[in-house]
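Here are some notes for a colleague who is opening this structure for the first time. They are meant to be read with the sequence and the model in view.

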Amino acid sequence: MKIGLIGIGKIANYQMQAISHTKGISLVDAHDLDPVKAEELPGSVTFFENFDQMMKRSTADAFLVSTPTPTHFEVAMKIIEADRVAIVEKPLCTSPEQEDALRTAATTRKLPLYTAFHPSYGREVEWWVEQRAQKNFALGKLLGFESCFADPYYLNGDLTLGAVGKAGAWIDGGASSLSVLARLIDPDEMELVDGRMTCIPSLKCSEVQGLGIYRFVVDGQPGFGIVDTNWTLGKNHKMTRLWYENGSIELDHAKEFARLNHRGGDELVFNLATDKPRLVNHYCGVFANLTEMYGKGEDNQEMSRKLHRLLFAANSKK
Ligand SMILES: NC(=O)c1ccc[n+]([C@@H]2O[C@H](COP(=O)([O-])OP(=O)(O)OC[C@H]3O[C@@H](n4cnc5c(N)ncnc54)[C@H](O)[C@@H]3O)[C@@H](O)[C@H]2O)c1
């Protein structure tokens, strides 16, 4: 599968490393509004200064949109309108109206449309999904969760440089958290109870804090959970805690480890980090899954639609 990259910013570097580690996928072309970014590409990749020229001439099978979140809609729509395939960094876009327009445009042209939910491929997430599938640790049924995605993007009354490229605490962190939870809870079995967002009009972001409360059912067992996203805590804290009948597990998404508490037993800590940066590990998962789906003529629209429904339901409450 040949990829054309659009947007050569912070995340692109990790994506390029992951592509080089994944079989069956290669980066052939790239484009950025800033031509200086061409210097960051390997010699084998062709840089296009002009987007339309890239759409006409590129031999790529699909184009990965890694531009700032508020531009995802516009860039992805231009790809689809050029009758080419788009893979969009999560979130796909920032509103249900944009989402409908993108999905309609792709469906009308019979084009697949992918969303890259990289946090759901975290090593700690993959590990726990596997433990549950193998029925290891006998923790019993899931009763509740708390998933926090916090970034230090608001300091002394203003946004920090880290916020560049992001849309808002909820739109960014909520999409990450929900994509992790979807590995363990069928999103069709999740429903929003309430959403609370802190929006500061003078800041160039949709919200600096966002919280979603959900109810869910897994294996016939109802439960409740909180997704908590925050740019004002001043720290990078990304963690999902899951409470089961017989204990709990903490998945640390920033440090790639898991801490398991089995009632009556000792605490167990599992270090799941590798020699690769965490984001490279995530994108290795994204690209392995992408090449598999592409080979079968499939995409992840169904899952993406469910996750965006849960995401937008919470911030429509603000
Ligand atoms: N930085 C992270 O840690 C991180 C992690 C995961 C996902 N993401 C996601 O990746 C996306 C990009 O984030 P980033 O941090 O790399 O942003 P960034 O600001 O570092 O880079 C974005 C790049 O896109 C270019 N660009 C902007 N508008 C464009 C357009 N219309 N056409 C072509 N190029 C354009 C910019 O010149 C810049 O080089 C965002 O959706 C973000 O949420 C970022």
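**Notes on the predicted model**

1. Asn156 sits in the loop that joins β8 (154-155) to β9 (158-159). Its phi is positive, at about 50 degrees, although Asn156 is not a glycine. Most residues other than glycine have a negative phi. Please bear in mind here, as in every point below, that this is a predicted model.

2. The peptide bond that runs from Lys90 to Pro91 is cis, and its omega is near -10 degrees. Most peptide bonds are trans. Pro91 belongs to the loop between β5 (85-89) and α4.

3. On the division of the chain: there is a domain 1 (2-116) and a domain 2 (120-315). Taken over C-alpha atoms, the centres of domain 1 and domain 2 are 24 Å apart. Their contact involves 29 residues from domain 1 and 27 residues from domain 2.

4. Which elements supply the side of domain 1 that touches domain 2? At least two residues of that side come from each of α1, α4 and β6 (113-116). The largest share is that of α1, with 7 residues. By class, this side of domain 1 holds 14 nonpolar, 10 polar and 5 charged residues.

5. The ligand has 24 residues around it, and those that come nearest are Gly7, Gly9, Lys10, Ile11 and Gly165. Helix α1 (residues 10-21) gives the largest share of this shell, 3 residues. Both domain 1 (2-116) and domain 2 (120-315) take part, with at least three residues drawn from each. Sorted by class, the shell around the ligand has 8 nonpolar, 9 polar and 7 charged residues.

6. Two helix pairs deserve a look. Two packed helices are described by the angle between their axes and the distance between the axes. For helix α3 (residues 72-81) and helix α4 (residues 96-108), the axes come within 10 Å and cross at roughly 15 degrees. Angles under 35 degrees count as roughly parallel, so α3 is roughly parallel to α4. The crossing of α3 past α4 is left-handed.

7. What meets what between α3 and α4? From α3 come Phe73, Ala76, Met77, Ile80 and Glu81, and from α4 come Gln98, Ala101, Leu102, Ala105 and Ala106. The contact of α3 with α4 is made up of 8 nonpolar residues, 1 polar and 1 charged.

8. The other pair is helix α6 (residues 169-181) with helix α8 (residues 301-315), packed at an angle of about 140 degrees with axes 10 Å apart. This angle makes α6 oblique to α8, since only angles over 145 degrees count as roughly antiparallel. Here α6 passes α8 in a right-handed crossing.

9. In this second contact, α6 contributes Trp170, Ile171, Gly174, Ala175, Leu178 and Ser179, while α8 contributes Leu307, Leu310, Leu311, Ala314 and Asn315. The contact of α6 with α8 has 8 nonpolar and 3 polar residues, and no charged ones.

Terms used. Residues numbered from 1 in each chain as written. Predicted model: local features only at pLDDT ≥ 70, side-chain atom pairs only at ≥ 80, totals over all residues. Axes fitted to C-alpha atoms, helices over the stretch in contact; angles between N-to-C directions. Helix = DSSP H or I, 4+ residues; strand = E, 2+ residues; numbered from the N terminus. Parallel < 35°, antiparallel > 145°, perpendicular 65-115°, else oblique. Left-handed = near helix turned anticlockwise from the far one by under 90°. Contact = placed C-beta atoms within 7 Å. Nonpolar A, V, L, I, M, F, W, Y, C, P; charged D, E, K, R; others polar. Near = placed C-beta within 6 Å. Domains from an automatic or database assignment.
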